Amino acid sequence: MAVKDCPECHGSGKVKSGEKECEVCNGWGYVPADFKLGDKLKGYRNLDYFGVEEEVEEIPCPECHGKGVVPVYDTCPTCGGTGRVLACDICGKIKEPWEPGMETSWVCPECERKYKVVYVLDKTCDYEDVEIGKVYKGVIDRVERFGVFVRLNPHVVGLIKRKDLLGKREYTPGEEILVQVLDVRPEKKEIDLIESALRQYKEVVVKKELPVTDIGALTQEMAGKTVRIRGKVTQIQVTGGPTVFTITDGTGITWAAAFDAPGVRAYPNIEVGDIVEVIGKVSFHAGEIQIEISDMSRLWGPDAAEVKKKIEEELNKRAQPEDVGFLVESEVLEKLKPKIMKAAFIIRKAIFEGRPIIVRHHADTDGYTAGLALEYAIVPLLEEISPDPQAKWKFFKRRPSRAPFYELEDVLKDIIFMIEDHERFGDPLPLLVIVDNGGTTEDIPAYRRIKAYGVPIVVIDHHDPRDFISEDKAAVDEYVDVHVNPHLVKRGYYELTAGMLATEIARFIYPQVEDKIKHLPAIAGTGDRSDAPEFQQYLKIAKESKGLEEEDLKKIAEVIDHEAYYWKFMDGHGIIDEILLLTGNLQRHRKLVDSIYPEVKAKQEKALKASLPHVKSIVLPNGIRFNTIDVELYAPKFEYPSPGKLSGLIHDYFKEQYGEDSPILTLAYGPDFAVVRASDGMQAYNFDLNEIIKVLQEKLPDAGIEGGGHSFAGSIKFFEGKRKEVLEEFAKQVVKLKRS
């Protein structure tokens with residue numbers, strides 16, 4: 001290479017011009033043994049000044065190493081302080097100082113006269129680097145009737161017309177050939193060549209010193225410019241034309257396109273996750289910046305490690321959420337802030353690195369509001385970052401779950417779909433966000449499966465985790481990256497619902513979304529019947545921001561539960577946005593809610609009226625009113641309301657009759673399940689459904705008992721053949737309860 005370290009200064013950019021007295025020791029050459037480098041000691045010539053014994057406590061000066069003088073440096077005149085020079089590729093004669101952006105190959109006039117020089121274009125060069133009159137070594141690309149196409153490097157091709165060939169020999173593709181340039185038209189990517197007859201010559205490699213450009217620094221003004229980028233491949237798509245590589249370097253994401261043949265995979269040795277260097281021209285596709293690849297290679301060893309480190313540092317810096325505070329005053333939220341910030345950070349980082357995101361949420365009002373709050377924060381940021389106009393469809397999925405935990409049916413679907421997307425479209429494995437679900441021991445079997453694939457997991461839940469490793473760590477935390485749950489901090493309670501938590505996290509992910517979603521916590525709290533102090537503050541926000549009264553919120557919650565029953569495993573896209581007043585179309589929202597709500601109430605009243613005569617309601621000796629009904633026999637099947645919803649309606653009926661403060665317990669059971677609801681009056685009995693389930697599991701280990709939920713609302717699963725024993729044991733545990 002013509003660019004080399006300056007022979008005068010050996011690459012340092014400075015040369016010694018003299019010496020001066022050392023300012024640290026003032027020319028003495030020694031300092032006290034306890035001298036600290038950085039202290040500037042003035043006005044002494046010997047150590048007696050310090051009252052110490054010279055023979056024992058003096059040491060050589062750390063600045064001048066005992067000499068008393070230090071060198072003085074000036075800018076190197078040969079390289080101008082750059083440390084590098086441009087020298088003749090053949091004899092080494094220095095031409096001038098070199099700086100990035102200058103040419104890197106040069107042959108002095110003497111060598112040009114003395115030798116015949118043949119130039120070899122490096123992969124970094126393009127058409128504008130080819131000079132008229134010079135001789136280049138190339139490879140025959142293809143032979144046509146009118147001439148021979150010669151490739152000077154992977155992306156520079158010229159033509160020798162038939163009349164400019166030296167002989168009538170056979171020209172074979174892949175054969176090396178020497179050519180001289182007659183004319184070059186860079187704007188048209190055309191070069192006119194003639195075959196050269198040189199036999200004795202010196203080869204000189206022409207190479208451009210391209211600095212690494214940050215992807216985030218690419219602009220439209222750079223169109224047509226050749227750049228060099230380094231980053232991580234996050235996706236590979238084989239289209240009917242080029243192969244498109246999605247690359248991130250932490251500062252941004254871009255496409256890089258390479259073409260071999262229609263539908264043929266270019267650079268088959270490059271895989272998702274590889275660290276690569278790309279050289280190519282800035283162009284555009286679908287209005288977004290794209291690199292037309294001239295050359296791409298995989299980086300290894302220290303180079304790859306350096307790029308990985310830079311990517312990680314850039315991603316961590318960009319993904320760090322802004323501390324926007326909370327919508328309400330809350331001691332619990334403040335205690336949860338580190339976990340909330342971490343959840344927002346992980347989600348933001350997934351967006352910036354081009355990782356798909358799956359949001360799984362419970363299929364009820366609280367779950368839908370939580371899932372939509374996150375969606376409305378994630379999607380706009382995703383569209384800002386990704387060059388793909390279809391990014392929100394390709395990189396974000398929201399899926400409701402019917403079960404109150406991440407059941408195996410759901411996790412297996414997620415694993416199958418994510419592997420298919422990885423193999424078909426080159427997508428990296430996703431980030432999984434579980435909302436209003438996922439925080440209990442029942443979720444661990446699902447996490448064990450998905451964790452085997454290295455999928456990061458964020459959990460946002462308000463259900464009691466049940467099993468704890470320590471005061472602030474649940475058993476499920478061993479399997480997830482962060483678990484935001486009020487039960488993990490002192491004075492936490494389940495009334496701070498998932499919709500409230502997710503809305504606050506969404507604001508940390510994308511602060512601009514606040515005005516769109518700040519009414520959602522009130523809907524979530526209404527659906528989950530929250531009585532948390534935060535709920536009252538959220539009610540005020542919903543009224544002030546959207547004009548929603550408590551009656552409006554109740555209607556919305558009821559409509560969501562009704563529609564979700566029929567959506568089943570669909571996400572309700574479009575309709576749920578209108579019901580939750582997220583589109584800004586207040587008129588359509590009201591029409592939709594007002595048309596559905598009477599239908600919902602009519603179905604509820606019809607089912608309640610038909611079921612109430614079959615409810616057995618007794619007052620136990622301990623004062624608890626215990627209501628039971630067999631919903632398998634005395635409730636509609638496969639219709640709204642579901643057994644869980646019906647049990648809530650029955651429970652509400654008795655609360656209206658006897659008051660919320662009365663101890664009322666409702667048990668609606670089927671062949672292999674039971675749904676439990678408890679009034680606030682059960683607090684006096686320290687009722688906790690999750691604790692009773694533990695007792696049932698101990699008493700009846702052969703009944704296959706599972707389940708749980710909130711302390712006052714949840715469900716139990718069991719073997720159908722053990723129904724009688726389970727229900728009897730449950731009743732015994734209720735009878736044992738005593739008022740505190």
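**View 1. Tyr 653 in helix α16.** Tyr 653 is partly exposed, with a relative accessibility of 30%; this class lies between buried, under 20% relative accessible area, and exposed, over 50% (1.4 Å probe, protein chains only). The residue belongs to helix α16, residues 643-658; helices (H or I, at least four residues) and strands (E, at least two) are DSSP runs numbered from the N terminus. Leaving aside residues up to four places away in sequence, Tyr 653 touches Leu 608 and Leu 612, where contact denotes heavy atoms within 4.5 Å. The C-alpha atoms of Tyr 653 and Leu 608 are 8.7 Å apart, although 45 residues separate the two along the chain. The model is predicted: local features need pLDDT of at least 70, side-chain atom pairs count only at pLDDT 80 or more, and totals for chains, interfaces and linings use all residues. Residues are numbered from 1 along each chain as its sequence is written, and side-chain values use heavy atoms, with hydrogens and water left out.

**View 2. The largest nonpolar core.** This core has 88 residues; a nonpolar core is a set of buried Ala, Val, Leu, Ile, Met, Phe, Trp, Tyr and Cys residues joined through side-chain atoms within 4.5 Å. Helix α4 (residues 331-352) gives the most to this core, contributing 13 residues. Among the residues with the most contacts inside the core are Ile 357, Leu 374 and Val 433. Beyond four places in sequence, the residues touched by Ile 357 include Ile 347, Phe 395, Leu 431 and Val 433. Another core, of 35 residues, lies apart from it and includes Val 3, Val 107, Cys 108 and Val 179.

View 3. The structure holds 51 salt bridges, each a side-chain nitrogen of Lys or Arg within 4 Å of a carboxyl oxygen of Asp or Glu. Asp 126 and Lys 281 meet through their side chains at 3.5 Å, N to O. Asp 126 sits in the loop between β8 (117-121) and β9 (135-144), whereas Lys 281 is in strand β18 (residues 275-285), 155 residues apart. Both of these residues, Asp 126 and Lys 281, are buried. Glu 277 and Arg 230 form a salt bridge at 2.8 Å, N to O. Because Glu 277 lies in strand β18 and Arg 230 in strand β15 (residues 226-238), this pair ties together parts 47 residues apart in sequence. Glu 277 and Arg 230 are both buried.
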